Amino acid sequence: MPLLVCKNVTKRFGGLVAVDDMSFTVKHGEMMAIVGPNGAGKTTMFNLINGVFPADEGTIHFEGVDVTGFPAFKRAHLGMGRTFQIPRPFSSATVQENIAIGAMFGSAGSEISVDEAMDVADHYIGLIGLSGHRDKPAGGLTPIEKKLVEIARALAMKPKLLLMDEAMAGMNPRDIDEMVAFIKKIRETEGIAIVAMVEHIMRAVAGLAERVIVMHQGALLVDEPTKEALTDPRVIEVYLGQPAEEFDA
Amino acid sequence: MMKRTHKYFPILPVLVAYGALLGYGLFFPGKWQLVSQLAFYCTLGQAFNLFMGMTGYVDFGYVAFMGVGTYGMAISIYHLNEKGLGLSIILIGLSLAVAFSIILSLAVGAVALRLRGAYFAIATIGVNEGFRFLIEGARIWNGSEGIIFTRHMKKAFGKPAAMAIGTFWADIMMFGVAVLAAVLTLVYMRNKVGYALTALREDEDAAKVMGINVTKYKIIAFITSAALAGLLGATAWALKLQYVYPTDVFEIHYTVEAIIIVLLGGAGTLLGPIVGGLIYGISKYYLSIVLPGFQLLIFAPLIVAIIVLFPEGTVGILKKKVINTPLQKFII
Amino acid sequence: MLFEQLAGNLVQGLVLGAVYGMATMGLSLIFGVLQVVNVGHGAFIMVGAFTSLMMFQAMGIPPILAIPAAFLIGMALGMLFYFGAVKPLVSPSGSGIKKMTPKRLGAAAGMFVGLMILMWISSGFFSLNIAIYLFVGIIFLYGFALYIYGGRRQDKAPELATLLATFSCGVILEEVVKQVFTSEARGFNWDIGKIDIGITVLPYTKLVAAFGSLAIAVILYMWFNKTRAGMAMRSVVEDDVGARVCGVDVDWQYALSFSLGIGLTVTSGVLLTMFIPVGINPYMGGPYTLKAFVIAVLGGLSSPYGAFFGGVVFGLLENGSYTLFANIQGLEPFAMTRFFSFVMLLVILLIRPTGLLRAK
């Protein structure tokens, strides 16, 4: 059974069609990227999968369950985790509390107590290397630290599907490589079934994704293994604005 | 760093504060009026804080819950005074007060809590007025004539007991409500409820995505806060004053005071409402001697100042100062 | 008989509704541009009412001519409250805390002393007591603290903050007016005759009020659609980032729209006194705040024109329901009408919080 099945998902804002008849499948344990130029509808697609707002048309199935009408928190309980493009930690709560909240209300949340959630949080704090900041209010962290907390918080939810929206935004190449290594590591050690990311940064995509979906003006352009997608002329055209042949090698 | 057993330490300063206040009142009976006023404001603050402080939503119609609580007690005494039930009427009255406020809060919450920030505030502004006009307009519970039940109190409990309740035991019960409110606040803060509320207060959309059913938790906070308001109305108003008029008990003035107290002390903290209640109560008391009728003129700009410059309130600032000191365990 | 009564009341409702609608336009404008709900709305209407009262009683100026004065007073108050209470929450400068240099402290102390002396001198004309001195002192200290600490915050405050801030501004207005005018209810009588249209009698003052409201709404419409300044303001409603990119000074637009909104609200107070020239007291604003909210939600919280139409509808419904309740035994119609407007509010919030009438 596939993990996530989106069929004919469409979302309109007034006259604008932000997501246009998107259909794709994600398998358990797969690492996939959704890419596309700005305004292609990637974040909107994430919001639809996640349940931040409902789709106008189409269906979404998660592990066989029709979640199309489910509110965001229910989808989280089923196993969806999410990080945002601009990190949104709970500023007045400490780093530990932030991550513990992920553990408390995520997919395994109903079984663990507050104290156990705090222990889980400690584990992830160690993983992201912020043990010194454990009791600091999250609002006072640097953007990179906030990003790490955001990821740890999502991980603590023990998601089966982790949606990472532009996790590499604003990073320099060395940090990107570190983040790529980090994501690879958590995939192995945490048994996170799948990481789906929205990315501009091809360096990260190439390093992590097995499969790539390219969106363009809200619609699906290509859906193929990474190597093919990166050299697909349609993709190049959409990014560069003109057919590849018109460029000199 | 927090040992499991230390989780409930913060209740100690609360008990110390209320104990000291009560003790002061018992040792100096002449000051009992002031003490009961202070206790009233602290309780009001704690009850209101459970919702506004912890969720970040403002319920401008809050006093309506106190109002129906008052009616709950009033009705019990008015109608049951000749059944020979003695003091258990008070228990019935309290239960009715809680029931009324829970029912009203569920009715309001069902509509209002689905709405965000500004719309919620708008909806609640109407509750207060709306409910009062319903009572007056449909002549429910005697409409605008209210209920006066001094006579019925005397019949139910005997004259001396009725007097003692009105002048002393009602206030003691109010202290009980105060402690109950504090305990509930702490229990919520130390359990999943509290963390859910913190999350939804900070960033409601992110909270939803983290798996928090924000509506459920808003309702929990709302109902608890309303029930406490009902108890406060039943004790501090019904039992003490022994009459109830719709114009009095739905007076928006009390909601304003509740807002001032919570902001002054520190919204969302445990000790905040107590500190706020004491500061506000004492200031108001002395202002009313020196400059009667002017307290809002003084406090309204202070509120703006607090919101703009010091939104974390007194205890909020205090909390920051005691990080990494032993006091950190007690001041939250 | 009932039909005549109903028809008559509906006409009255229509006329009153125009005034109600005008009174709500400011609220909608402010919410549309700034996403701020002015919970102190009624207090500003009260200021307009007092302006009308004072100009009539002290200077013999009929309310219709008091409108420009009220508008200017409103704009001034709007600027004051915007920079003092709203801007720090909605669009903070984030430039950090200013140092308290001796020069700054000295200047502040000097201004404070000067202010106190000014007040003491003018205490010959007004009755000032210690509370007013305290009040002015607090305001001054706040202003200074805002100057020093105002840059501390970097991002927008939570919604709770602006709600409470505008509410407190309303309270401040009420209390200041109470100090100066006492809480006694006042009224005046401006009688220019009436017209009898069979089903009901309409004093000319009410007609003037209704047409005045309509005129202002039309002027506003033209201003928004035909002038550069108006279109600049509209652009901010649509997309404030986009407007910024087009060279619109968004921060100034915020200030201007807030002041315009308050100006409209104060003006509506004058129009209201043409309708109900009695019961003018510092606390009269409360019921109007609730009515304005119902109307704004009816017509679309962010559309001033929607608010106008919403007002007319509300006026009709209010008077219609009054007739209904007055004819049912055992009900007190005035209170029931107020209850009914609250029910309307809840129902609309439930089914269509963005408003039933989506006027542009």
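This is a predicted model: local features need pLDDT of at least 70, side-chain atom pairs count only at pLDDT 80 or more; totals for chains, interfaces and linings use all residues.
**A walk through the chains**

Residues are numbered from 1 along each chain as its sequence is written, and chains are lettered from A and ligands numbered from 1 in the order in which they are written.

You can find W141(B) in the loop between α5 and β1 (147-148) of chain B (helices are DSSP runs of H or I with at least four residues, strands are runs of E with at least two, and both are numbered from the N terminus). Its backbone deserves a look: W141(B) is not a glycine, yet has a positive phi of about 50°. Most residues other than glycine have a negative phi.

With 19 other C-beta atoms within 10 Å, K158(A) is partly exposed.

Now step back to chain A as a whole. Chain A contains 9 helices and 10 strands, and its C-alpha trace spans about 60 × 40 × 35 Å along the principal axes. Its radius of gyration is 18 Å, which agrees with the value near 18 Å for a compact globule of 249 residues (the radius is taken over C-alpha atoms, and the globule rule is 2.2 Å times the number of residues to the power 0.38). Of those 249 residues, 45% count as buried. Among contacts in chain A with a separation of 6 or more, 67% come from residues 24 or more positions apart (a contact means that two C-beta atoms, placed from the backbone, lie within 7 Å).

Chain C has 13 helices and 2 strands. Buried residues make up 46% of chain C. Chain C is divided into domain 1 (2-78 + 156-351) and domain 2 (92-155), with bounds from an automatic or database domain assignment. The C-alpha centres of these domains of chain C lie 32 Å apart.

How do the chains meet? There are 2 pairs of chains in contact, and chains B and C share the most contacts. Here 39 residues of chain B touch 45 residues of chain C. On the chain B side, α5 (117-137), α12 (253-265) and α14 (295-309) each supply at least two residues, and α5(B) gives the most, with 14 residues. That side holds 30 nonpolar, 6 polar and 3 charged residues (Ala, Val, Leu, Ile, Met, Phe, Trp, Tyr, Cys and Pro count as nonpolar, Asp, Glu, Lys and Arg as charged, and the others, Gly among them, as polar).

Chain B also meets chain A, in a contact that takes 19 residues from chain B and 24 residues from chain A. From chain B, α8 (192-202) and α9 (204-209) each supply at least two residues, with α8(B) giving the most, 6 residues. The chain B side of this contact divides into 8 nonpolar, 4 polar and 7 charged residues. Chains A and C, finally, are joined by no contact, and their closest C-alpha atoms lie 12 Å apart.

How values were computed: A residue is buried if 20 or more other C-beta atoms lie within 10 Å of its own, exposed if 12 or fewer, and partly exposed in between; C-beta atoms are placed from the backbone.
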